[in-house]
Amino acid sequence: AGRQGEWGDVSAFLSWAGSPDAAVATAQLRAIRRLLLLTLACEGWYALRYVPYSARPGFYAVLAAAIGVCAVVGWRDRFALPAVVAALVLEIVTVVSAFPENANHQFLAVVLLALLVLGRAGVESDAAPSGEAVSALQAMRWIVAAGLAWSGFMKLWYGHWLGGEFLAWRVALDPDFARVFAPIVPEGELARLTSLSAEAGAGSFRAAAPLLVAVSNLTWIAEIALAIGLFWRRTRRAALVGALTLIFAIEVGALEIFFGGLMIGLLLLFAERDRLSPLLPWIAGVYLVWLLWPDVAPLLAAGEGAS
């Protein structure tokens, strides 16, 4: 079964998320290490356009560049552990300095980096017992499933998804959301929602669109059900496919590219073998396009206008 290192009695609890082979766990940790460092580096540069990072561009540019170095150096197993440790320190500095305006998934990134340190960054060697990699991977699986379930429970608890209010509010204020949901929202209701403002007292945002309300409720139900399904071996594969489909569907409207890429990688940790590594070049390509798009789009628009 292998030694569980310093994890002690929690190993039995962690095993609820599956007991992957040590070699598989090491390969999956290697892949998520590369994705996480790549995500943080690209997102660090992209965030310079927005508050609070735009208020201190020099400081945050240095942090982003340093994390970028960690991503490049940490791609190789030989330098992986010091690169992850450095990235952990840099990300903590970023989170503390930007708090409370930083993204929620930055806290997740800090925890993941810490787990990678405990799991020896997905590098197998005589100094890195295989049990450490298995336990770190299991802990990541627990965090992903728990976060998915918690998201669903919070939607239910606050009630703004039961009548479709949250999605209606996003449709009203976000043209991208309006375009995505236009096919399932009646024309009159879409016109009403898009005419509303974000000022206090605006509304009502209670959706008069049955399909929109259905999608709203299916979202929180799916998050809870799929999270539970990830813990059972018989349902894990179907739950994984469902969770990946859910993330893709959400990101069509939300366009949270870096968070979406990271979530896809984390969900793939539930696969029976390393499914993430072959996708890394594609994810990196999407990140690069998204990173450059704000600068390229105006040039393309100007070229079309000139023609």
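1. A salt bridge is a side-chain nitrogen of Lys or Arg within 4 Å of a carboxyl oxygen of Asp or Glu. In this predicted model, the side chains of Arg-30 and Asp-77 form such a pair, with 2.9 Å from N to O. Because Arg-30 belongs to helix H2 and Asp-77 to the loop between H3 and H4, the bridge ties together parts that are 47 residues apart in sequence. Arg-30 is partly exposed at 21% relative accessibility, and Asp-77 is also partly exposed, at 26%.

2. The structure holds eight salt bridges, and those that share partners join Arg-30, Arg-33 and Asp-77 into one network. Another bridge pairs Arg-206 with Glu-165 at 2.6 Å, N to O; here Arg-206 sits in the loop between helix H9 and H10 while Glu-165 lies in helix H7, so parts 41 residues apart in sequence are tied together. Arg-206 is exposed, with a relative accessible area of 52%, whereas Glu-165 is buried at 16%.

3. Helix H4, residues 80-98, has 19 residues that should span 27 Å at 1.5 Å a residue, and the 26 Å between its end C-alpha atoms agrees with this. Its buried residues, including Val-84, Leu-88, Glu-91 and Val-95, pack against helices H2, H3 and H5.

4. Helices H10 (residues 210-229) and H11 (residues 233-254) pack at an angle of about 145°, their axes lying 8 Å apart, and H10 passes H11 in a left-handed crossing. Among the residues making the contact are Ala-222 and Leu-226 of H10, and Ala-239 and Leu-246 of H11. By class, this contact has six nonpolar, three polar and two charged residues.

How values were computed
Residues are numbered from 1 along each chain as its sequence is written. This is a predicted model: local features need pLDDT of at least 70, side-chain atom pairs count only at pLDDT 80 or more; totals for chains, interfaces and linings use all residues. Side-chain values use heavy atoms; hydrogens and water are left out. Axes are lines fitted to C-alpha atoms, for helices over the stretch in contact, and angles run from 0 to 180 degrees between N-to-C directions. Helices (H or I, at least four residues) and strands (E, at least two) are DSSP runs, numbered from the N terminus. A crossing is left-handed if the near helix is turned anticlockwise from the far one by less than a right angle, and right-handed if clockwise. Contact means heavy atoms within 4.5 Å. Ala, Val, Leu, Ile, Met, Phe, Trp, Tyr, Cys and Pro count as nonpolar, Asp, Glu, Lys and Arg as charged, and the others, Gly among them, as polar. The expected span of a helix is 1.5 Å times one less than its number of residues. Buried means under 20% relative accessible area, exposed over 50%, partly exposed in between (1.4 Å probe, protein chains only).
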